[in-house]
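Have the viewer open as you read.

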Amino acid sequence: MKPMGELLKGNTPTLILAVLAEGPRHGYAIAREIERRSQDALTLGEGSLYPALRALEAEGLVSSTWEVQASGPSRRVYAVSESGRAELAKRTRSWRSFVRAVEEVLTGGEDAPQPA
Amino acid sequence: MHHSRLEGYLDAVEQQLTRLPGWEREAWREEARQHLTALTEAREELGWSSEEAVEASLRQFGEPERLGQELLACSSVALQERQISGYVGWSLHVLSWNVAVTLITMNALLALPTLELGTSAPTAVLFLLGHAAGGAVLGRKVRNRRFQGVMNVAYLLLLGAGMMLTGLVDAWPATTFLGAWGMVLAGLALSGAAASWTGRPAERHESVAPSG
């Protein structure tokens with residue numbers, strides 16, 4: 001798997017929560033919205049989307065309902081719960097702290113000694 | 001072709017989900033069918049042939065067996081099973097720990113030959129360390145100690161009742177009795193503190209760091 005794929009795999013639940021924080025969506029729309037926001041840099045395979053949605057739902061971070069459509073069959077729509085919003089805030093803070101830490105390592109750190 | 005290929009794929013996924021309730025399997029199937037159809041239609045609008053569009057959509061969902069297994073592992077049914085095994089496993093650990101602490105304490109204090117472990121200090125220490133290590137591993141794994149406090153209180157009540165029924169309370173001097181109970185209580189408090197430490201979730205960046 002490509003490095004970007006590895007990064008994506010570990011953070012799929014966070015990305016889903018971030019998309020759902022804007023409003024309820026069905027699975028197809030969640031996947032497309034992640035692609036749109038990342039300008040196609042992150043392509044979420046549906047094979048990882050649905051297990052992640054199931055796990056989020058089992059943990060109570062996301063809920064789902066079948067929404068009746070004016071035309072066509074009902075669609076399952078996911079929405080983030082209050083605890084899901086709190087979890088998203090926590091994960092966002094952790095992610096930013098993680099990115100800062102990795103950045104520090106990559107750039108040698110603020111107090112890094114200058115090479116002789 | 002279009003329809004039968006999709007349904008065949010959904011059948012293969014559903015075969016992995018037999019432990020889920022029927023309504024949940026049906027809901028998943030309908031949801032995946034709609035998603036696959038939308039993906040396929042989007043590609044067809046871009047000029048793909050029907051067969052190519054279907055195959056590409058199925059590839060996007062991945063191997064059906066693997067997807068089914070992952071869906072099952074993430075389901076509420078699997079979560080409940082893990083919680084139940086966690087309660088049972090941790091409860092057994094707490095119970096056996098309490099029994100070990102009590103017997104070793106009593107034996108050490110009264111030199112009762114009721115348990116071989118308690119008559120040899122190094123063996124007793126090794127036994128307790130081994131038990132604590134096992135509890136640490138289990139605590140990290142299950143992260144669920146909801147019944148620990150209740151179990152400790154119930155255990156102490158049963159222990160007290162047992163001591164009264166067997167006449168030990170009358171046979172022991174008051175100082176020995178209080179000393180024994182004090183040591184048992186201290187042992188249980190210590191084991192509770194150790195369990196809390198070993199069972200607490202690991203923090204830092206685990207929730208967001210790359211899994212690979």
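Among the 35 residues of the largest nonpolar core, A:Ile16, A:Leu20, A:Ile30, A:Leu49, A:Leu53, A:Leu56 and A:Val62 touch the most other members. Such a core is a set of buried Ala, Val, Leu, Ile, Met, Phe, Trp, Tyr and Cys residues joined through C-beta atoms within 7 Å, where buried means 20 or more other C-beta atoms within 10 Å of a residue's own, with C-beta atoms placed from the backbone. Both chains have elements that give two or more residues to this core, including H1 (3–20) of chain A and H2 (22–45) of chain B. H3(A) gives the most, with six residues. Helices (H or I, at least four residues) and strands (E, at least two) are DSSP runs, numbered from the N terminus.

This is a predicted model, in which local features need pLDDT of at least 70, side-chain atom pairs count only at pLDDT 80 or more, and totals for chains, interfaces and linings use all residues. Residues are numbered from 1 along each chain as its sequence is written, while chains are lettered from A and ligands numbered from 1 in the order in which they are written.

Now for the sheet. Chain A has an open sheet of three strands in the order S1-S3-S2, with antiparallel pairing; strands pair if DSSP finds at least two bridges between them. S1 (25–26) and S2 (62–67) of chain A stand at the edges, each with a single partner strand, so one side of each is left without a neighbour in the sheet. S1(A) pairs with S3(A) over two bridges, and A:His26 has A:Val77 as its bridge partner in S3(A).

Note on methods. A residue is buried if 20 or more other C-beta atoms lie within 10 Å of its own, exposed if 12 or fewer, and partly exposed in between; C-beta atoms are placed from the backbone.
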